[in-house]
Amino acid sequence: MKPEIARLRRYRKHESGIALLTTLLLLLLLTALSLAMVMSASSDMMINGYYRNFRGAFYAADSGLAIARQDMMNQISAAIPATFNNTTQPIPNGTDGTVQTYVNNTYGSSYQPITGNGAAASSWPAKYKITSASITLAQCTVLGGTGTCLAPSGAVTGYQYIYNYALTSVGQAQGNQTATVSDRGSIIVNANLVSASTTTSFAGWGMFIDKYTICDGSTLVPGTITGPVFTNGAWNFGTSGSYIFTDPVGSVNANAGFQFSGQCDQKNATSDKVGGTTIAPTFQGGFNRGQTPIPLPVNDYNQKRAVLDRMGSSSSPVTKQDLNNNVRNINKTPYPNSGVSSGVYLPYSVDSQGNNPTFTGGGIYVEGDAQLKLTPSGTNGQTYTITQGGVVTTITITPGSSPGSGTTVISSGSNSLTINGVPAMQDPATNAITGDGAMLYVNGNITGLKGPGQGQAAINDGTALTVTAANNVTITGDILYKSEP
């Protein structure tokens, strides 16, 4: 054997096992990298979970502040009597102390759950507790007169109260993570005198219910309700959702019904709590209970008149001559002074040549019994399909960019007429057109009022519509907004 080959063999003999060592080193490196990745991912998950729970606790605390603050406002507004004179301040002294005790007892004794409804039910397991609540009267000012609230004089028109408040809320999310949020500010309450002789037109009610028995098993549908509302009975509130009233709420009954699972409480209060469940409607304009009953209107002059002049402020009866002067059918023929028993009429004018039809009123006038179907049209339009016997009349209203503008199309059979403008509302004091809105008046019975089908939208977003009849209204199908208000 040559010496060089012998040396090479001896050298390779010393390299025996290097591949195994290299593999073990690489395996150790990969194991270390894997452990580092696992620890990093685990740390990220722990950090994200902590942040999620902290954020949930923060939002729960913030929601608690909003709920307690709104209830403070409700309690103060509820202390204002329905009627008061100009020589006595309406909110009694010590109301702030009463409200403070109420909030601390209602929201401070234990954690309050935050729950949703529908698809949101039980989707956010968070809760809150008000750990500190204080409210004090900072200032009371006489409006329109002189002197102090305790000794007013002159032509007093009302009182303005400023209450300073401070709230501290603790929110709790999953894993008992907590967050504390504090809020300070002022609540301004205006109590204005209203003449005892002032009456509210029924056209001005956002909702009016004559007979509503307290704790009768039915509850008001939750949601946002605009305009003043009143009942000659009592309001019943449930737990299926939240209530927001943007204007004053009144009832003849001094108590309200709060319907919980298995029981209904009758209380002279703006909210109620059973166990961990609280019913606390938001009364932005106050909740006035124990009011004088409001008699039902003895006629429908206002609604009928609103079709003709957009205002409905006249209390005089609408004559056939009034209809003859103001409304026409699809053929541009004025309402006849005698002999008509059915037909659909709109308030519009034409020029001396019988052209350029222009909308002049506030709605649709239907003579005689009719069936009515409501259907949305486009993004902001509304279609009314009116059936009388075998005659079908379709009216499509498409509002424009400004109140009263747009087009109204009426069609029946092969006839069709396009009218410039849409039904609108007009201010009786300034004669300014304030917005679009249709008063559909049927001088007879509405034998069937419905939408296009079960679960389908009947009224378009933004459509202001009032449906009224001289006799009975029979609802035969779903009447739903395109988007829930």
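Colleague: Which order do the strands of the open four-stranded sheet take, and what kind of pairing do they show?

Modeller: The order is β7-β9-β12-β18, and the pairing is parallel. Strands here are DSSP E runs of at least two residues, helices are H or I runs of at least four, and both are numbered from the N terminus. Two strands pair if DSSP finds at least two bridges between them. β7 (207-209) and β18 (287-288) stand at the edges with a single partner strand each, so one side of each has no neighbour in the sheet. Between β7 and β9 (residues 229-231) there are three bridges, and the two strands run parallel. For a place to look, isoleucine 209 stands opposite threonine 231 in β9.

Colleague: Before we go on, what kind of model is this?

Modeller: It is a predicted model, numbered from 1 along each chain as its sequence is written; local features need pLDDT of at least 70, side-chain atom pairs count only at pLDDT 80 or more, and totals for chains, interfaces and linings use all residues. Side-chain values use heavy atoms, with hydrogens and water left out.

Colleague: How many helices and strands does the chain have?

Modeller: There are five helices and 35 strands. One more sheet is worth a visit: an open one of three strands, in the order β10-β13-β14, with mixed pairing. Its edges are β10 (236-237) and β14 (263-267), and as each has a single partner strand, one side of each is left without a neighbour in the sheet. β13 (residues 256-260) and β14 run antiparallel, joined by five bridges; there, glycine 257 has glutamine 266 of β14 as its bridge partner.

Colleague: Which residues of helix α4 are buried?

Modeller: Buried means under 20% relative accessible area, exposed over 50%, and partly exposed in between (1.4 Å probe, protein chains only). In α4 (residues 301-309), Gln303, Lys304, Arg305, Ala306, Val307 and Leu308 are buried. Their cover includes α5 (320-326), β22 (363-367), β30 (438-443) and β33 (465-469). After α4 comes arginine 310, with a positive phi near 75°. Of the chain's 485 residues, 36% count as buried.

Colleague: In the largest nonpolar core, which residues touch the most other members?

Modeller: A nonpolar core is a set of buried Ala, Val, Leu, Ile, Met, Phe, Trp, Tyr and Cys residues joined through side-chain atoms within 4.5 Å. The largest has 30 residues, and Met72, Ile135 and Leu167 touch the most other members. Two or more residues each come from α2 (18-78), α3 (95-107), β2 (126-143), β5 (158-172) and β6 (178-192). Not counting residues up to four places away in sequence, leucine 167 has contacts (heavy atoms within 4.5 Å) that include Leu65, Met72, Ile130 and Val181. Apart from this core lies another of 26 residues, among them Val344, Phe359, Tyr384 and Ile446.

Colleague: And how many cavities of 30 Å³ or more are there?

Modeller: Rolling a probe the size of a water molecule over the atoms shows where empty space is left. A cavity is a set of points, on a 1 Å grid over the protein atoms alone, where a 1.4 Å probe fits but cannot get out; lining residues have an atom within 4 Å of a point. Points are joined across faces, edges and corners, and the volume is the space filled by probe spheres set on them. The count is one cavity of 30 Å³ or more, and the largest cavity holds about 30 Å³ of space. Val366, Ala370, Gln371, Leu372, Ile386, Leu440, Val442 and Ile446 line it. The largest share of that lining, three residues, comes from β23.

Methods. 1 Å grid on protein atoms, 1.4 Å probe; cavity = no way out; pocket = protein on both sides within 12 Å on 5 of 7 lines; lining within 4 Å.
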